[in-house]
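Please examine the sequence and structure shown here before reading the report.

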Amino acid sequence: MRRALINLSAVILILLVASLSSSADPITQLPTHEKVVALTFDACETITPAYFDMPLLNYLLKERLPFTIFISGKFAREPANALVIKQLSHNPRVKIENHSFSHVLHMERLPAQRVRDEVLKTERIILKLTGKRPRFFRFPGGYCDRRTMALVESLGYRVVRWTFASGDPDRNITPLRLKRWVLLKTRPGAILIFHINGRGYSTAAALPVIVRELKRQGYRFVRLDEVF
Ligand SMILES: [Zn+2]
């Protein structure tokens, strides 16, 4: 009986270690129950060129908020964007992370080499512009499977999604609706996602109200790399 118990606890221990060493799912939550949230912004471009939402960016900088930007290589290559990224790299509150090169939705349909290229090409661009190697990767649209997850992790990345979609790329969402939705859904440890590429149509108007209200509720803000 005792031996069986020892064996059982050994099995549990092995399972626990296995679950810690390989993450089966993307990160969707900060490892905390405290009133802490991460502001994350996607800066991606698909067919037509996209540029930084300067009113939104200036607000974040003025408020001295810590935040994380997931950047696609194509977006970062635009000279105007590259200049902003270089400036941001001197700001200790901002971290630039990897959001693929060409923002192919459904990277899980790509062959392995193409997946690696998407990650490494952008990694080189970010490293060159900021002097810092990205550690987190966000799949375009959040779409991935175990194979693509494992591929990206084998390149040294943690894969991050979001806790709930803010819906800010929707042209029909008003600042008021965006604010109500985000405040309704935010819980301690939430990873919030917005767009900072000019495709978050109400984000610059809604975010100051969201941040003010969350602060009033006792929340503080962190960069992803501070908590993982
Ligand atoms: Zn994106």
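This report treats a metal site and a helix in turn.

**Basis of the model**

The model is predicted; local features need pLDDT of at least 70, side-chain atom pairs count only at pLDDT 80 or more, and totals for chains, interfaces and linings use all residues. Residues are numbered from 1 along each chain as its sequence is written, and side-chain values use heavy atoms, with hydrogens and water left out.

**The zinc site**

C44 (SG), H99 (NE2) and H103 (NE2) coordinate the zinc ion at 2.1 to 2.3 Å. Donors are N, O and S atoms within 2.8 Å of the metal (3.2 Å for Na, K and Ca); water is not among the atoms, so sites may look incomplete. The spacing of the donor residues in sequence is C-x54-H-x3-H. C44 lies in the loop between β1 (36–43) and α2 (54–62), and H103 in the loop between β3 (94–98) and α5 (112–130), so the pair ties together parts that are 59 residues apart in sequence. Helices (H or I, at least four residues) and strands (E, at least two) are DSSP runs, numbered from the N terminus.

C44 is buried at 7% relative accessibility, and H103 is buried at 13%. Buried means under 20% relative accessible area, exposed over 50%, and partly exposed in between (1.4 Å probe, protein chains only).

**Helix α8**

The buried residues of α8 are T203, A206, L207, I210, V211 and L214. Seen down the helix axis, they fall within an arc of 135° and so line one face of α8; the arc is that of the directions from the axis to the C-beta atoms. The face turned away from this buried side carries the exposed residues R212 and R216.

The buried residues of α8 pack against β1, α2, α7 (175–185), β6 (191–195) and β7 (220–222), where contact means heavy atoms within 4.5 Å. Just after α8, G218 takes a positive phi of about 95°.
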